Amino acid sequence: MSIILTPEGSITEGRWAAETPYLADLVTRCLAPRSGGILLDYGCGIGRLAKEAIRRHGCRIAGADISPSMRALVVPYVGSDLFFSCAPAMLDLLIERGLRFDGAISVWVLQHCEHPAQDIERIRRALTPGADLFIVNNRYRAVPMRGRGWANDGIDIMALLTASFELQETGALAIEPPSPSFTDNTFWAHLRARP
Ligand SMILES: C[S@@+](CC[C@H](N)C(=O)[O-])C[C@H]1O[C@@H](n2cnc3c(N)ncnc32)[C@H](O)[C@@H]1O
């Protein structure tokens, strides 16, 4: 839990409990998941949002994650036949073989990716043209530096996203209890894959 969500001025458990339903409400608003549809959760981690979306909407979800341990942990945590996990390379194969998703979420992921342009392009290829993407991200990059903390390499994630997607709506995360540093340094965005 503490790997997925760092404390950010609150305790991890408190952040998890407050943030997960708040983000699930935004996913509902932006993607309108439907039973029978299939969503991509890119950088699914342990699957807290996939689990909540399946509980609320009965949709199917593929969780892609670069970490083999997350891919193993997510399956029992989500605990649903409507979910499977895969590596990004396996997602590429599914896309190559014609699978397209009705929508995608990527929450607290792109800020950490070494090559975010490649990840954004993979998400775009995975989507049906005109499908929606829900993003939550830091405003600044935080690339893990192998035991030497985090680095901001200056890449502008929103600029990369809007090169391939049309921005529908963006906003600050107004999660209780209020934390100005958290709110100022993060954003959510609803984007649409260009046809
Ligand atoms: C902070 S966690 C967020 C997990 C989940 N989205 C959530 O909000 O609970 C970031 C996740 O992104 C994954 N990740 C990092 N780089 C990735 C990449 N290039 N492709 C896919 N997953 C990646 C990590 O392994 C980790 O599980």
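Colleague: What does L173 touch, not counting residues up to four places away in sequence?

Modeller: L173 touches Y22, L23, L26, W108, V136, F182, T183, T186, F187 and W188. Contact here means heavy atoms within 4.5 Å. Before we go on: this is a predicted model, where local features need pLDDT of at least 70, side-chain atom pairs count only at pLDDT 80 or more, and totals for chains, interfaces and linings use all residues. Residues are numbered from 1 along each chain as its sequence is written, and side-chain values use heavy atoms, with hydrogens and water left out.

Colleague: Which residues touch the most other members in the largest nonpolar core?

Modeller: L173 is one of them, along with I61, F134 and V136, in a core of 28 residues. A nonpolar core is a set of buried Ala, Val, Leu, Ile, Met, Phe, Trp, Tyr and Cys residues joined through side-chain atoms within 4.5 Å. Buried means under 20% relative accessible area, exposed means over 50%, and partly exposed is in between, using a 1.4 Å probe and protein chains only.

Colleague: And which elements each supply at least two residues of this core?

Modeller: Those are α1 (12–31), α2, α3, β4 (101–107) and β5 (127–138). The largest share, six residues, comes from α1. Another core, of 27 residues, lies apart from this one, and its members include A104, C113, A189 and L191.

Colleague: How many helices and strands are there in the protein chain?

Modeller: Seven helices and nine strands. They are DSSP runs, numbered from the N terminus: helices are H or I with at least four residues, strands are E with at least two.

Colleague: Let's look at α3. Which of its residues are buried?

Modeller: In α3 (residues 68–78), M70, V74 and V78 are buried. They sit on the same side of α3, because they cover an arc of only 45° around the axis; the arc is that of the directions from the helix axis to the C-beta atoms. P68, A72 and P76, on the other side, are exposed.

Colleague: What do the buried residues of α3 pack against?

Modeller: Against α2 (48–57) and β3 (83–86). After α3 comes G79, with a positive phi near 60°.

Colleague: One more residue: is R122 buried or exposed?

Modeller: Buried, with a relative accessible area of 15%. R122 is in helix α5 (residues 116–126).

Colleague: Which residues is R122 in contact with, leaving aside neighbours within four places in sequence?

Modeller: Y42, P88, L91, D92 and I95. The side chains of R122 and D92 are joined by a polar contact of 2.7 Å. That term means a pair of N or O atoms within 3.5 Å; within protein, one must be able to donate a hydrogen and the other to accept it, and residues adjacent in sequence count only if both atoms are side-chain atoms.

Colleague: Last one, what radius of gyration does the protein chain have?

Modeller: The protein chain has 16 Å, which agrees with the value near 16 Å for a compact globule of 195 residues. The radius is taken over C-alpha atoms, and the globule rule is 2.2 Å times the number of residues to the power 0.38. Buried residues make up 46% of the chain.
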